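Take a walk through this protein model with me. We will go from the whole chain down to single residues.

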Amino acid sequence: MDPKKLYKTIKYIPKKPHGYVRRKDRRALSGFDIICCCAGWGKSGYLYQLYEEERSAVYISLGAEDNSLCRLDALINGALPDGQCGEKDTSALKLTEHISDIDGVLLLDNADSITDPAAASFLKTLAEAASEGYIKVIFAVRTVPCCLMPYVIEGKAKLIGIDELRFDRDMLKELVLAYRADCDERFLYSLERVSGGWPVAAAAILSNDCDNLEIAVEQTFLPQYAEQNIFCKMSGSLLDYARRTAFLTAENDEITGDVLGLTDTGFLLGELINKGYVSRGAYPVYPEALRRILCTGLSAELRRQITDNASDFYIRSKRFAQAVHLFDESKNADGAERLLGLYGDRLLANYEFEIIGCCGRIITEKGRMTDPEALGAMAQYYYYIGDYEKMEQAYNMADSMFGKENKFSVYRRLYKGLLRFDSKPELYRRNVTTALEYLRNNSLPLPFMYQKELDVLHSMADEKQPGTPVLTVRRFGTLRLLAGERQTEIQCKTKRSAELIVYLMETGGRPVNREELLNAFWPEDMPANAVAMLHNMIYHLRRELAPFGIENIICYKNKCYSLDMTMLSDADIRINEICTALEKGDRELALQKSESDCTYWGSYLGNTDLPWANEKREYYDRCYTDLCMLLAEHYRSCGQPDRELDVLKSALRLEPYSEQLMYDLLGCFKSLGKPDKARQYYEEYLSRLDAEFGTRPSKWLRNRFFSCFSDSDYEGNTDRR
């Protein structure tokens with residue numbers, strides 16, 4: 001018999017594992033590999049495949065009974081062919097020589113069973129030979145033994161973890177066909193999601209023959225398997241960490257500390273990864289089947305505590321959907337009502353009616369609501385789904401908690417009037433009008449409405465006397481929209497909404513197509529949902545303007561948007577008249593409109609950074625500088641150097657590098673007899689020029705400066721205008 005084949009015939013030949021699936025795309029082996037993962041990931045199956053595929057492979061499965069050097073010596077010496085090695089060689093050297101002679105690979109299963117220091121030298125000898133390229137060795141372990149760790153740390157051994165052993169969809173399909181006659185894609189997808197590619201979980205679920213995979217895990221032997229083969233190998237602190245992070249994903253320090261009540265999480269996560277329980281990552285991600293088993297080990301009291309802590313954290317972080325999911329799992333009606341009471345208005349503004357409805361279901365399953373704000377949010381949800389009877393009941397309950405008129409009674413009256421307006425307009429018109437008046441006087445927004453009810457408001461607004469401007473726009477400094485006779489400030493949902501009014505206003509009522517608007521407001525990185533965002537801006541504007549009867553100030557026709565200028569009042573019309581006069585060269589009209597006032601009218605649209613706004617801002621700032629120079633000339637001719645000095649200083653704040661302004665300012669200081677002030681401003685000007693451009697002023701300006709300290713004015717250099 002061929003000695004190279006002899007070794008494959010002894011009692012160490014592996015048995016074919018149950019549910020064996022061949023890995024068609026296995027990773028390339030380095031010659032010194034350590035397969036490390038917890039039970040159930042198919043280490044033995046992987047070695048069996050290698051044993052079948054390699055031309056000369058030696059397979060040895062170690063157990064607790066082999067944890068001594070004497071036992072290993074007897075094991076190897078009894079198995080090796082006679083005459084292969086010298087009598088004084090150790091069993092490890094003999095095995096190394098044999099593997100080298102047959103040019104094979106050593107497959108050593110359960111290598112972490114060897115913990116005895118003397119026996120560990122056996123593994124170290126094999127590892128040293130593999131690291132030097134003398135033989136090929138593959139160890140399969142649940143935890144990397146101490147004697148092998150240096151090779152992993154130094155990169156001499158390649159570590160194979162659960163990501164390489166995880167069953168992909170094709171492998172799961174092969175496994176399904178081993179248990180069933182066929183395999184449909186829906187079932188395969190569910191199996192992949194629940195098992196997470198964990199081989200033992202997939203096999204256990206299939207052997208249970210249960211189509212409902214959500215409950216199949218608890219009906220299999222997996223909980224007992226995990227208890228006996230996985231959890232018993234974990235320390236108490238590690239198992240507690242695993243159970244808590246399986247119940248609630250801990251993606252940051254605040255969740256691990258404040259919510260889960262865990263410490264030393266970095267060390268514990270590293271232990272989970274190094275022992276092959278989870279993949280490498282910032283936080284542990286378990287196969288769904290293992291996650292469910294881990295969660296069952298948490299007490300009901302601890303589950304409730306974690307749920308309460310987590311929901312509070314998610315609410316603070318405005319992650320409402322995750323908070324409601326936890327409320328639903330724990331049947332926490334108090335938490336759901338607290339969420340609606342505190343953030344119902346925000347949920348309504350973002351149209352998150354599904355979250356509101358889910359909160360309502362959780363609450364009503366346990367009892368009844370008592371928070372008026374929560375009842376108000378639920379009332380609008382009932383309007384949204386068309387259950388007007390429940391809507392009125394919710395508003396009645398909220399209203400009953402107050403002894404006088406309140407927003408809930410007003411919202412109820414408004415809805416009632418709008419919903420029944422068509423039947424008796426003359427009867428319900430007053431309901432709607434008084435409700436709108438209350439909302440306007442108390443700066444309350446309109447509730448959510450469908451287009452049908454908004455159309456009723458539009459029809460009532462159309463009955464107003466046309467041509468009366470009711471929306472005042474202030475564009476300089478802080479952008480403000482003021483509505484109605486009382487000039488109530490409109491609180492726009494976003495800054496872009498108010499800017500949309502200004503953009504349409506600047507066109508003078510000209511229709512603007514949608515493409516132009518999108519490019520104006522998202523000139524660089526246009527979002528995928530830009531059209532939806534534009535519609536939301538217009539919708540929220542109309543809601544805010546509806547109480548003042550001007551919600552239809554933005555018109556849409558022929559795929560274009562425009563502003564009804566008859567409803568508009570420009571608070572900055574005087575500024576526009578001054579700028580127009582300056583552009584036309586009408587100095588007298590500009591002086592007349594300015595009323596000798598040099599106060600800076602403010603930056604156009606405040607801190608808006610849109611290109612079109614920047615262009616307008618530069619234009620208005622340039623006009624203001626020109627006006628200051630015109631006023632300075634006027635005051636100079638009138639012999640008022642103090643007032644001339646004020647306007648020149650104002651202009652210089654906007655144009656700090658202007659030589660003409662500095663020239664006139666120095667002349668003003670000269671006429672006032674203040675050479676020290678001239679020196680101060682001139683030196684500050686020199687510093688600005690040097691810091692920004694690395695240059696010096698022109699000879700023309702230098703001569704002007706020197707003239708402040710002499711009786712002559714350097715004729716020929718005093719005026720270049």
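Start with the cysteines. A search of the whole structure finds zero disulfides. A disulfide is a covalent bond between the sulfur atoms of two cysteines. A disulfide here needs the two sulfur atoms within 2.5 Å. Cys-359 counts as buried, because its relative accessibility is 0%. Now look at Cys-492. The closest cysteine sulfur is in Cys-555, 17 Å away, so this too is too far for a bond. Cys-492 is partly exposed, with a relative accessible area of 25%.

How far can we trust the picture? This is a predicted model. The mean pLDDT of the chain is 83, and 90% of the residues reach 70 or more. Over residues 83-88, though, the pLDDT is below 50. That stretch has six contacts in the model beyond near neighbours in sequence. Residues 712-721 also stay under 50 in pLDDT. For them the model has 21 contacts beyond four places in sequence. Where pLDDT is low, the predicted coordinates should not be read in detail.

Step back to the whole chain. Its C-alpha atoms fill a box of roughly 125 × 85 × 45 Å along the principal axes. The radius of gyration is 41 Å. A compact globule of 721 residues would have a value near 27 Å. What share of the residues is buried? Buried residues make up 48% of the 721. The chain exposes about 35700 Å², and carbon and sulfur atoms supply 48% of that area. Now take the contacts between residues at least 6 apart in sequence: 65% of them join residues at least 24 apart. The secondary structure comes to 35 helices and 12 strands.

Next, the strands. Begin with S1, residues 32-36, where five of the five residues are buried. In a regular strand the side chains alternate between the two faces of the sheet. Both faces of S1 are covered. Phe-32, Ile-34 and Cys-36 lie on one side, Asp-33 and Ile-35 on the other, and all are buried. Which way does S1 run relative to S4, parallel or antiparallel? S1 and S4 (residues 136-141) run parallel, joined by five bridges. Three bridges join S1 to S5 (residues 158-160), again in the parallel sense. Find Ile-35 in S1. Ile-35 stands opposite Ala-140 in S4, and its bridge partner in S5 is Ile-160.

Strand S2 covers residues 57-61, and four of its five residues are buried. S2 runs parallel to S3 (residues 105-109), with five bridges between them. Tyr-59 has Leu-107 in S3 as its bridge partner.

Another open sheet has three strands in the order S9-S11-S10, with antiparallel pairing. Its edges are S9 (512-513) and S10 (554-557), each pairing on one side only. Two bridges join S9 to S11 (residues 560-563). Asn-513 stands opposite Cys-560 in S11.

Finish with two helices. H13 spans residues 236-247, and Ala-246 has its place there. Is Ala-246 buried or exposed? Ala-246 is buried, with a relative accessible area of 2%. Leaving out residues up to four places away in sequence, Ala-246 touches Tyr-286, Arg-291, Leu-294 and Cys-295. Thr-566 is another matter: its C-alpha atom is 62 Å from that of Ala-246, and the two are 320 residues apart along the chain.

The other helix is H15, residues 265-274. Its buried residues include Leu-268, Leu-269, Leu-272 and Ile-273. Thr-265 and Glu-271 are buried there too. Just after H15 comes Gly-276, which takes a positive phi of about 75°.

Note on methods:
Residues numbered from 1 in each chain as written. Predicted model: local features only at pLDDT ≥ 70, side-chain atom pairs only at ≥ 80, totals over all residues. Heavy atoms only, no water. pLDDT = per-residue confidence, 0-100. Contact = heavy atoms within 4.5 Å. Buried < 20%, exposed > 50% of the residue type's maximum accessible area, 1.4 Å probe, protein only. Rg over C-alpha atoms; globule rule 2.2 N^0.38 Å. Areas by Shrake-Rupley, 256 points an atom, 1.4 Å probe, with all protein chains shown as cover. Pairing = 2+ DSSP bridges.
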